[in-house]
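Q: Let's read this structure together, one feature at a time. Please show it first.

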Amino acid sequence: MLTRRGFFGGAVATGAVAAGRTVADGGKFVEPARDLPVDDWADVIVAGGGPAGVAAAVAAARAGAKVRILELQGCLGGVWTAGLLTYIFDFNKSETGWEIIRRLDAYGARVVDRPGEEGMRYYKRGLDKDWVYEPEYMKAVCEDMCAEAGVRVTLQSPVTAAYRDASGRNVETVVTESKSGRQAWRAKTFVDCTGDGDLGARAGCGFDMGFGPEGWGQPATLNALVVVDDGDAVARGGFVSNEPAMWTFLDNPETGKPTCHHIVASHRLKAELRRAGLEPSYGDPTLFRFHRNLFCFMANHEYKLRVDDAQAVSDATLRARKEVLALAAGLARLGGPWKGFRVAATAEQIGQRDSRRLHGRYTVTRDDVTAGATFPDAVTTSYFGIDIHGLDKKANDIRAAGQNFGVRFRPFQIPLRACRAKDADNLYMAGRCISGDFYAHASYRVTGSSVAIGEAVGKAAACQAAGQA
Ligand SMILES: Cc1cc2nc3c(=O)[nH]c(=O)nc-3n(C[C@H](O)[C@H](O)[C@H](O)COP(=O)(O)OP(=O)(O)OC[C@H]3O[C@@H](n4cnc5c(N)ncnc54)[C@H](O)[C@@H]3O)c2cc1C
């Protein structure tokens, strides 16, 4: 039984807290300055432990640097895990990518597309470029790799501020906010892998955001894991995008023309949702199967969101969760293959397809995409075509995903210069916040490129920290 003495036993007096000051008109509060504990153990600090961050941290540690990841969520993996993504594009092109493939296979946690003969021409870069994985095992793979490489991982500690040294050219200290309070961290080099460019933005680096003056990006999506009584029955109905493989081309019953199986499957699923009297906000609602009766359900779109508007992102998340539950309940009501269809979990974070793109020493543009540009300091090649999701519900209803806004695509390279901040000498970027325009980003944003970029940038950050760059 908890006694009064026991209850108060753990309490520690915290001392007086300085009063802040409210600016005269009441619209602003001035926070008092305070001393923070500083940790300067790391040579390289990686902000954000998603696909790019894990790859960067592991590569930097293997190159001999002492590396710490500061991560907002309670797990590594970013959109892969906290975002419950489950589908992978353009992956078979980096050492770290192949290692992740091998490790997932060892856990039996990967489903490779089987395209059949007619689909094989879309897999000319190999079956391992696109596949489905189980998110819980992806967490384990990210954690195993970091632990084995000696990366220190600090979870639930978002970077909330960044300060420069006296020269003004280098990031010197970043600040996190967690259950430990505010903490300061120092390193020789920093890598912004927050997806949203938080570290760079806090350090005062320039950035672009989304499309058009409002900075609204591609729509965001709250993914969910769903269960059903008979997964085979759902697959037999032709509703599952990865069965047969995503890029298998079959005659589309709607048009009579050969069409990618994913589109056919998602239109069938949409028809079922409509039969249940529901209209999904995403024009191509999708089911990926990764275990017998267990699927990823990607059916929602939230339009016109800016990642730096916390209230708008919160409202969108709550709206999205309600929608996903309603869509699942609607399918379950239809019975048949949908018997027992239920949401097992919604993602911890709504998935942002794009947000801040920090300014680098080079900006990858639509012209580079059209030209299939190559660079002497290339870190990887993006083979994934431009994939813009309709920016509002009307555009999404006409064509939900895969829009290219008239930009012709050729595989193009990404130079290291696009991953090094223009406005700070010791700050690199990896993943979707590197320096590119809206169109180039719509290609390199997928996780295969994020990992490949992360690996190269991690090595570069370690070299610079060791005084070799
Ligand atoms: C709905 C959706 C569907 C997609 N579909 C596919 C697909 O089918 N296949 C594919 O390959 N790609 C897909 N993508 C793209 C892909 O998931 C992302 O572009 C990819 O995750 C980028 O990796 P990243 O590491 O740059 O960012 P993220 O995965 O976003 O990781 C960023 C990490 O930083 C952390 N973080 C954020 N802010 C802070 C902070 N201030 N301090 C510390 N940590 C912070 C986050 O918690 C996260 O762990 C999709 C994306 C979305 C949103």
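Q: Among contacts in the chain between residues at least 6 apart in sequence, what share joins residues at least 24 apart?
A: Two residues are in contact if their C-beta atoms, placed from the backbone, lie within 7 Å. Among contacts between residues at least 6 apart in sequence, 75% join residues at least 24 apart.

Q: What kind of model is this, and how are residues numbered?
A: This is a predicted model: local features need pLDDT of at least 70, side-chain atom pairs count only at pLDDT 80 or more, and totals for chains, interfaces and linings use all residues. Residues are numbered from 1 along each chain as its sequence is written.

Q: How many helices and strands does the chain have?
A: Both are DSSP runs, numbered from the N terminus: helices are H or I, at least four residues, and strands are E, at least two. The chain has 13 helices and 24 strands.

Q: Which strands make up the open sheet, and in what order?
A: Strands of a sheet pair through backbone hydrogen bonds, either parallel or antiparallel. Two strands count as paired if DSSP finds at least two bridges between them. Here 4 strands form an open sheet in the order S3-S12-S11-S10, with mixed pairing. S3 (38-39) and S10 are the edge strands, each pairing on one side only.

Q: Where are the antiparallel pairs?
A: S10 (residues 159-164) and S11 (residues 171-178) run antiparallel, joined by 5 bridges. Val 159 stands opposite Thr 176 in S11. Their hairpin has 6 residues between the strands, and Gly 168 there takes a positive phi near 80 degrees. S11 also runs antiparallel to S12 (residues 181-186), through 6 bridges. That hairpin has 2 residues between its strands. Glu 177 faces Arg 182 in S12.

Q: In what sense do S3 and S12 pair?
A: S3 and S12 pair in the parallel sense over 2 bridges. Ala 184 in S12 is the bridge partner of Val 38.

Q: Is H2 buried or exposed?
A: Count C-beta atoms placed from the backbone: a residue is buried if 20 or more others lie within 10 Å of its own, exposed if 12 or fewer, and partly exposed in between. In the chain, buried residues make up 49% of the 469. In H2, 12 of the 12 residues are buried, so the helix is largely enclosed by the rest of the structure. What covers them includes strand S4 (44-47), helix H3 (95-106) and H13. Just after H2, Gly 64 takes a positive phi of about 105 degrees.

Q: What surrounds the ligand?
A: A residue is near a molecule if its C-beta atom, placed from the backbone, lies within 6 Å of it. 37 residues surround the ligand, and the closest are Gly 48, Gly 50, Gly 78, Gly 351 and Gly 431. Helix H2 (51-62), strand S6 (87-88) and helix H13 (447-465) each supply at least two residues of the shell.

Q: Why does Gly 200 count as buried?
A: Gly 200 has 31 C-beta neighbours inside 10 Å, so Gly 200 is buried. Gly 200 lies in helix H6 (residues 198-202).
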